[in-house]
Amino acid sequence: ERELLLSLSSAEAEGLQSGTESEASDPAAEADCFCGTDRHLPTSSLPFEGAWVACDSCDRWCHGECVGLSKAEAEQLQHFVCPPCEAA
């Protein structure tokens, strides 16, 4: 069963931006939300609760806020398809 939610601390999110975290051991290193923003970084003014959800179709990691999910809702997901895959 795939993990649909990944919570990151501010330090971990900074590591993703700077490349200091090991990409092989961190699934969020492959995060490529369709929004194209860095809302997960502490320097961003955009809201981010720390929820990532993985698309079951394309394996893209998306910010919970970008797909309309709170962190609590994302934790309850059993299946998720991102908006670009839904539109295809």
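**A buried histidine and its surroundings**

Modeller: Let us begin with His63, which is buried, its relative accessible area being 0%; buried means under 20% relative accessible area, exposed over 50%, and partly exposed in between, with a 1.4 Å probe and protein chains only. This is a predicted model, in which local features need pLDDT of at least 70 and side-chain atom pairs count only at pLDDT 80 or more, while totals for chains, interfaces and linings use all residues. Residues are numbered from 1 along each chain as its sequence is written, and side-chain values use heavy atoms, with hydrogens and water left out.

Colleague: Which residues is His63 in contact with, leaving aside its neighbours within four places in sequence?

Modeller: Contact means heavy atoms within 4.5 Å, and on that basis the partners of His63 beyond those neighbours are Cys33, Cys35, Thr37, Arg39, His40, Phe48, Ala51 and Trp52. With His40 there is also a side-chain to side-chain polar contact of 2.9 Å; a polar contact is a pair of N or O atoms within 3.5 Å, where within protein one must be able to donate a hydrogen and the other to accept it, and residues adjacent in sequence count only if both atoms are side-chain atoms.

Colleague: Where is His63 placed among the elements of the chain?

Modeller: His63 belongs to strand 2, and the elements of the protein chain run α-β-β-α-α from the N terminus on. Helices (H or I, at least four residues) and strands (E, at least two) are DSSP runs, numbered from the N terminus.

Colleague: What is the phi of Asp59, and where does this residue lie?

Modeller: Most residues other than glycine have a negative phi. Asp59, although not a glycine, has a positive phi of about 70°, and its place is in the loop between strand 1 (52-54) and strand 2 (61-63). Asp59 counts as partly exposed, at 46% relative accessibility.

Colleague: How many disulfides does a search of the whole structure find?

Modeller: A disulfide is a covalent bond between the sulfur atoms of two cysteines. Here the search finds 0 disulfides, the criterion being a pair of cysteine sulfur atoms within 2.5 Å.
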